[in-house]
Amino acid sequence: MAEPKVGLVLVSHSGKLAEGLAELAGQVAADVRIAAAGGLESGEIGTSYDLIESAINDLLGEGLAVVVLTDLGSATMTVESVLEFLDDEPVKFVDAPLVEAAIAAATAAQQGDDLDAVAVAAERAIEVFVPKQAAEGKADVADGDAYSRSATVADAAGLHARPAAKLAEMAAEAAGDIVIALDDDRADADSAMMLMSLGAAQGDTVTVSGQSVDKEIIDKIADAIAEGLDG
């Protein structure tokens with residue numbers, strides 16, 4: 001797996017919220033640099049131009065591209081002010097639900113995705129709220145070219161953040177799309193947030209499906225689910 005090329009800056013009015021989210025995202029992306037830029041220098045609620053600018057520049061100084069995520073309106077305004085002076089730098093602000101976008105972006109960055117791909121992953125985080133609409137228009141695997149496996153979830157906490165991130169890394173290696181289904185709900189296997197939205201608990205049976213060309217990866221994913229990923 002390629003080394004992460006993108007770091008994240010998480011901007012919140014609350015320093016504790018930003019730090020806690022950075023810690024959570026770090027659970028699914030241990031190699032990704034995730035900087036928290038929350039609150040004011042005094043520790044009070046608010047957003048600080050200087051803290052945000054410093055966090056972005058620290059990551060740029062390490063040779064990383066940067067995706068910036070925010071919580072509420074004035075945080076977004078502050079970030080946009082900072083970015084006005086960083087026009088020529090590899091920095092993107094993504095306006096998306098902070099928690100979900102942070103997990104999705106961290107997972108993509110851990111997989112070695114570039115700036116554009118990590119930004120798209122963050123933008124797609126909204127799909128967790130509209131899974132049925134997001135699934136519309138996705139092509140089904142052609143008859144005769146499909147392969148699927150069923151597996152019973154072994155992890156005590158089900159397919160939560162860490163197992164979902166590991167499955168997404170496996171699925172990212174596939175040539176085609178891989179889908180994991182629980183009853184009538186489906187999720188793209190390369191999206192940790194979508195996998196978490198399935199709510200698959202220990203003992204649930206899920207179906208992993210895709211193209212026959214990806215049989216080896218589908219088997220690997222099904223085996224991992226059955227054996228447990230949180231060890």
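## A side-chain contact of Ser74

The side chains of Ser74 and His13 form a polar contact at 2.5 Å, that is, a pair of N or O atoms within 3.5 Å, one able to donate a hydrogen and the other to accept it. This is a predicted model, in which local features need pLDDT of at least 70 and side-chain atom pairs count only at pLDDT 80 or more, while totals for chains, interfaces and linings use all residues. Residues are numbered from 1 along each chain, and side-chain values use heavy atoms, without hydrogens and water.

Beyond its neighbours within four places in sequence, Ser74 is in contact with His13 and Thr47 (heavy atoms within 4.5 Å). Its C-alpha atom lies 9.6 Å from that of Ser12, 62 residues apart along the chain.

## Helix H3

Ser74 belongs to helix H3, residues 73-83 (a DSSP run of H or I, at least four residues). Ser74 is partly exposed, with a relative accessible area of 36%; buried means under 20%, exposed over 50%, and partly exposed in between, for a 1.4 Å probe and protein chains only.

Ala75, Thr76, Thr78, Val79, Val82 and Leu83 of H3 are buried. Seen down the axis of H3, these residues fall within an arc of 160°, so they line one face of the helix; the arc is taken over directions from the helix axis to the C-beta atoms. Their cover includes strand E1 (6-12), helix H2 (49-61), strand E3 (65-70) and strand E4 (91-94), a strand being a DSSP run of E with at least two residues.
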